[in-house]
Amino acid sequence: MIDSCWKWVGSKRKNLQYILPHLKGNRCFVDVFCGGLNVSINAKDFSHFVINDLDKHLINTYYHMKKNPPVFMYLIEKEFPKIKDKESFNSLRDRFNSNTEYNMDNAVDYLLLNKTCFQGKMILNSERKFCNSFGYRVHKQPGLFYNKVWDVMDFLLENQVSIKNMDFREVVGDDDAVYYCDPPYLNHNKSRYAVKDFSKKDHQDLVECAKESKSRVLISNVYCDETLELYKDAKQIVTYSTKWDFGDTTKSMHKELLAIF
Ligand SMILES: C[S@@+](CC[C@H](N)C(=O)[O-])C[C@H]1O[C@@H](n2cnc3c(N)ncnc32)[C@H](O)[C@@H]1O
């Protein structure tokens, strides 16, 4: 398994063995809520990938990683070792917040903030400024992080990858593709992402998109009475037990599901 360079809340890194076997059968893989890209970089046998997320800074980072990998890596290796304490983190955050362009510097800084902030939560305030604080984690082996950055860039370069920054309603369609949907979990979306909270109406709309699509659509979510009701029209429900990955210290076991439409 390939490890993503992001510490992404809700990452599917530890659940891939339950998800990947159900993603076969089409030439194109559409990662509708791609986040830290943990699923796409481990999905095999596709000739084309579409990676999409509503987080514009995240998608800007993938765009620049793909556009100019040597410069992206040069900047990461130059700037990452400088972030050692609260003061250097705050300078990085100020620099990111004062940059209004979606450019290479913004892309590099977004990944650096993710690696060094508290629990990897990419929280923006009401003025759309990054507001999480320093994570107090010292990275003793930066080389491991750099290798993971290269792994993500290799995926972006070696495959035919289209990058989108859209709401899921505009992405789930009828192409000859498998659409994998990993939305923020039902009732678990408090201030963990840079985008607006994912409401119950959003979850219902996603089910409607899945039902209307002529393609294979898979949706991940927490397993509970409410989600079983939500996905009652799915062709199949796969369940498994796993640990929470919400970036915090809560690591108790719980059940998740994969609804297949
Ligand atoms: C659970 S995370 C995905 C994690 C990813 N599968 C991984 O393993 O790294 C959910 C993602 O949905 C994105 N998101 C939230 N609302 C969205 C929307 N309306 N349309 C598309 N993406 C959205 C968030 O920015 C976040 O990155």
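Author: First, a term. A residue is buried if 20 or more other C-beta atoms lie within 10 Å of its own, exposed if 12 or fewer, and partly exposed in between; the C-beta atoms are placed from the backbone. By that count, buried residues make up 37% of the 261 residues in the chain.

The model is predicted: local features need pLDDT of at least 70, side-chain atom pairs count only at pLDDT 80 or more, and totals for chains, interfaces and linings use all residues. Numbering starts from 1 along each chain, as its sequence is written.

The chain has eight helices and seven strands. These are DSSP runs, numbered from the N terminus: H or I of at least four residues for helices, E of at least two for strands. The radius of gyration is 18 Å, close to the 18 Å of the globule rule for 261 residues, so the chain is as compact as a globular protein of that length. That radius is taken over C-alpha atoms, and the rule is 2.2 Å times the number of residues to the power 0.38. Along the principal axes, the C-alpha atoms fill a box of roughly 50 × 35 × 30 Å.

Contacts come next. Two residues are in contact if their C-beta atoms, placed from the backbone, lie within 7 Å. Take the contacts with a separation of 6 or more: residues 24 or more positions apart account for 68% of them.

The chain is assigned two domains, domain 1 (13-55 + 159-260) and domain 2 (61-158). Such bounds come from an automatic or database domain assignment. Their centres, taken over C-alpha atoms, are 25 Å apart. Across the boundary, 13 residues of domain 1 are in contact with 14 residues of domain 2. The side of domain 1 that touches domain 2 has seven nonpolar, four polar and two charged residues. Here Ala, Val, Leu, Ile, Met, Phe, Trp, Tyr, Cys and Pro count as nonpolar, Asp, Glu, Lys and Arg as charged, and the others, Gly among them, as polar.

That brings us to the core itself. A nonpolar core is a set of buried Ala, Val, Leu, Ile, Met, Phe, Trp, Tyr and Cys residues joined through C-beta atoms within 7 Å. The largest one has 62 residues, and F29, Y179, Y180 and C181 touch the most other members. Helix α5 gives the largest share, six residues. Both domain 1 and domain 2 give residues to this core, so it lies between them.

Look at C181. Beyond its neighbours within four places in sequence, C181 is in contact with V32, F33, F168, L206, V217, L218, I219 and S220.

F33 leads on to the ligand. Of the 21 residues around the ligand, F33 is among those that come nearest, together with G10, G35, G36 and N38. "Around" means that the C-beta atom, placed from the backbone, lies within 6 Å of the molecule. This shell has 11 nonpolar, five polar and five charged residues.

H203 sits in helix α7 (residues 200-212). H203 is buried, because 20 other C-beta atoms lie within 10 Å. Apart from its neighbours within four places in sequence, H203 is in contact with P183, L186, F198 and L230.

K148 lies in helix α6. With 17 other C-beta atoms within 10 Å, K148 is partly exposed. Residues up to four places away aside, K148 touches D3, S4 and C5. K148 and S4 are 144 residues apart along the chain, yet their C-alpha atoms are separated by 5.8 Å.

S91, in helix α4 (residues 86-98), counts as exposed, with 12 C-beta neighbours inside 10 Å.

Two loops close the tour. Most residues other than glycine have a negative phi. D45 has a positive one, near 70°. D45 is in the loop between β1 (28-31) and β2 (48-52), and counts as exposed with 10 C-beta neighbours inside 10 Å. Q119 also has a positive phi, near 55°. Q119 is in the loop between α5 (104-116) and α6 (142-158). It is partly exposed, with 15 other C-beta atoms within 10 Å.
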